[in-house]
Amino acid sequence: MTTQVISFRDPGRSLDLARLRKISSEIREDILMMLSEAGSGHPGGSLSAVEVVVSLFFVKMRHDPSDPLWPDRDRFLLSKGHAAPLLYAVLSKCGYFPHEELKTLRKIGSRLQGHPDPTKLPGVEIPGGPEGIGLSEGIGMALSSRLDKRSSRIYVMMGDGEMDEGEVWEAAMCASKFRLENLTAIIDRNGVQQDGITEQIMPIEPLAAKWRAFNWNVLEVDGYDFSSILAALEKAEKAKNRPTVIVAHTTKGKGVDFMEWQSEYHGKVPEKAVVQKALEQIKRG
Amino acid sequence: MAAMRDALGEVLVSLGARDPKLVVVGADTTGSLKLSAFGTKYPDRFFNVGIAEQNMIGVSAGLALAGKTVIAGTYAVFMPGRAVDQIRNTIAYCKLNVKLIASHGGVSVGPDGGSHQALEDVATMRVIPNMRVIVPSDAISTKKLISAACSSPGPYYIRIARPSSEVIYSEESELSIGKTEVLRDGSDVAIVSNGLLTSRALKAAETLKSQGVSAAVLDSHTVKPLDIETLVRFSRSVCGIVTAEEHNVIGGLGSAVAESLSESRPTRIRRVGVRDVFGESGETEELMAKYGVTERDISEAAMKLVKER
Ligand SMILES: Cc1ncc(C[n+]2csc(CCOP(=O)(O)OP(=O)(O)O)c2C)c(N)n1
């Protein structure tokens, strides 16, 4: 498979739903393929957020794989860095690096570290691994972008389990203090964290009300409906004087029936034969 | 006498004029650290995130990833203390251009007590790859070393003390990061110190002289990377080395010197520092005496080395 490098510098790309669906399905295949090659990693939270990340990279964000450090780019910060396979599959599809390289995930010498490392791989904006830091980094970038009078927008994706981290709420307060309208947080509300269901491990509801109380513009979407994801991203861009959080309602392990809602598949990769079954399901759609 | 914190405030204001990319992030202690002087001069480049040290580090990382030179500062118990993971996994991991400036190192903090007297911070920062660690010995070197750190890309941890201290250097002194300053030559023992202990080491050397002992005094303001060459050079002529710092004897300058010399040129060493205990409330001098970090502790350690020769 050859890698096509496309420029995403122009805003307002056309909304071809069939194409986005096809891309998402291929991303899911890539995620499973690379995890299977690696023999370890995190399928559940990679599969859950595919459509949101595809909407950002293929429609909404202005970025350029041939010039990853383009200063006016929009930035996607994966705060839940364990979903690295999702980020890598999308970056590669955009042309940031060859598709072949996906197979090196988690292998010695690879640029595709178990958790993303911006010093190694183009397109990666922040280091991943420990949950709870990304929103703070997004604030730093949003402040910098404002100081430099750039129009860059900053998107930070967090997990719902990540809401347990205190730093997230330090950052929530901080972003509204600085009225960061160029900052959008997205919560992948897939209902499951590592040890189980979020509402059992550490209840986070009422989630939207919490963010509202922190003076954020709060939007909720079906995380698999491209039109509503993109409409929310548009609205976020129009919000004035405050940051926006989009709660994307999703399903952990989306697309593979035996992985859906299962915390068991948060950080476990099945046998190759089982992966084969999963791939067939995804191909069937 | 001059306060390192005043020096910090002054140097940041002048660096801010030189470098429009310099930004300062604080955590509700900006008045105490005199970071507020920068805030008054450059309000748009000054961010107070409140009492939220983890967020402060994350925000600093984001600013640095976007191309800024970042100063993040608060008290040493809280930074690194509260945010070691954030420091490790963002700033150090990606070699980000963030200068962490921590005030209130050591028992000299005084009446606030043990909760506010960082004695482990140099150790926690020293063991993290890419992090360079500096403990200036007076107000002038504080300015010069911070200025040098700001023109050298990548992460630094710079630790200063709360009380005013004697001025050792002059505006003309030339200091560089990673290079030990030989403040006084000597042939019997060498005292390797940093922070508030350097002015005490100079006094100890005077006392030792009156007792017939020739003591060199080396300001090892850079704990990492350690200037091993200068240490080896002195270890050849003296009978032993005294290290002196306002930190736990475990993990700080004393450990760094012992580790390096035992590999390159085994030397007898005595470490003056806090003996693996927490501090408590009291006045600076009382506490420094109680916790074994005075001029006298240094001269006694040196005498022991000479007598054991
Ligand atoms: C600070 C920190 N503590 C613990 C972990 C281990 N860990 C990795 S993923 C995870 C659960 C994440 O749940 P969530 O944020 O909901 O992510 P998702 O379900 O989308 O995968 C945990 C506990 C971590 N990465 N970081």
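A residue counts as buried under 20% relative accessible area, as exposed over 50%, and as partly exposed in between, with a 1.4 Å probe and protein chains only. By that scale B:Asn130 is partly exposed, because its relative accessibility is 33%. This is a predicted model, in which local features need pLDDT of at least 70 and side-chain atom pairs count only at pLDDT 80 or more, while totals for chains, interfaces and linings use all residues. Residues are numbered from 1 along each chain as its sequence is written, chains are lettered from A and ligands numbered from 1 in the order in which they are written, and side-chain values use heavy atoms, with hydrogens and water left out.

B:Asn130 sits in the loop between helix 5 (121-126) and strand 5 (132-134) of chain B, where helices (H or I, at least four residues) and strands (E, at least two) are DSSP runs numbered from the N terminus. Its phi is near 75 degrees, which is a positive value in a residue other than glycine. A:Lys149 likewise has a positive phi, near 55 degrees, and is not a glycine; the loop that holds A:Lys149 runs between helix 5 (134-147) and strand 2 (154-159) of chain A. With a relative accessibility of 75%, A:Lys149 counts as exposed. As background, most residues other than glycine have a negative phi, and most peptide bonds are trans.

Chain B also holds cis peptide bonds. One of them runs from B:Met79 to B:Pro80, with omega near 20 degrees, and B:Pro80 belongs to the loop between strand 3 (69-75) and helix 4 (84-92) of chain B. Another joins B:Lys224 and B:Pro225, with omega about 0 degrees, and B:Pro225 is placed in the loop between strand 10 (222-224) and helix 8 (228-237) of that chain.

The domain assignment, whose bounds come from an automatic or database source, divides chain B into domain 1 (4-159) and domain 2 (181-308).

Turning to the ligand, 18 residues surround it, the closest being A:Lys80, A:His82, A:Asp160, A:Gly161 and A:Lys252; a residue is near a molecule if one of its heavy atoms lies within 4 Å of it. This shell divides into two nonpolar, nine polar and seven charged residues, where Ala, Val, Leu, Ile, Met, Phe, Trp, Tyr, Cys and Pro count as nonpolar, Asp, Glu, Lys and Arg as charged, and the others, Gly among them, as polar. A polar backbone atom of A:Gly129 lies 2.8 Å from a nitrogen atom of the ligand, a backbone N or O atom of A:Glu162 is 3.0 Å from a ligand oxygen, and a polar backbone atom of A:Val192 is 2.8 Å from an oxygen atom of the ligand. Of the 590 Å² of accessible area that the ligand has on its own, the protein covers 77%, as computed by the Shrake-Rupley method with a 1.4 Å probe.

A:Glu260 lies in the loop between strand 5 (244-249) and helix 10 (272-284) of chain A, and at 27% relative accessibility it is partly exposed. Leaving aside residues up to four places away in sequence, A:Glu260 touches A:Thr251, A:Lys252, A:Gly253, A:Lys254 and A:Gly255. A polar atom of its side chain is 2.8 Å from the backbone nitrogen of A:Gly255.

Technical notes
A polar contact is a pair of N or O atoms within 3.5 Å; within protein, one must be able to donate a hydrogen and the other to accept it, and residues adjacent in sequence count only if both atoms are side-chain atoms. Contact means heavy atoms within 4.5 Å.
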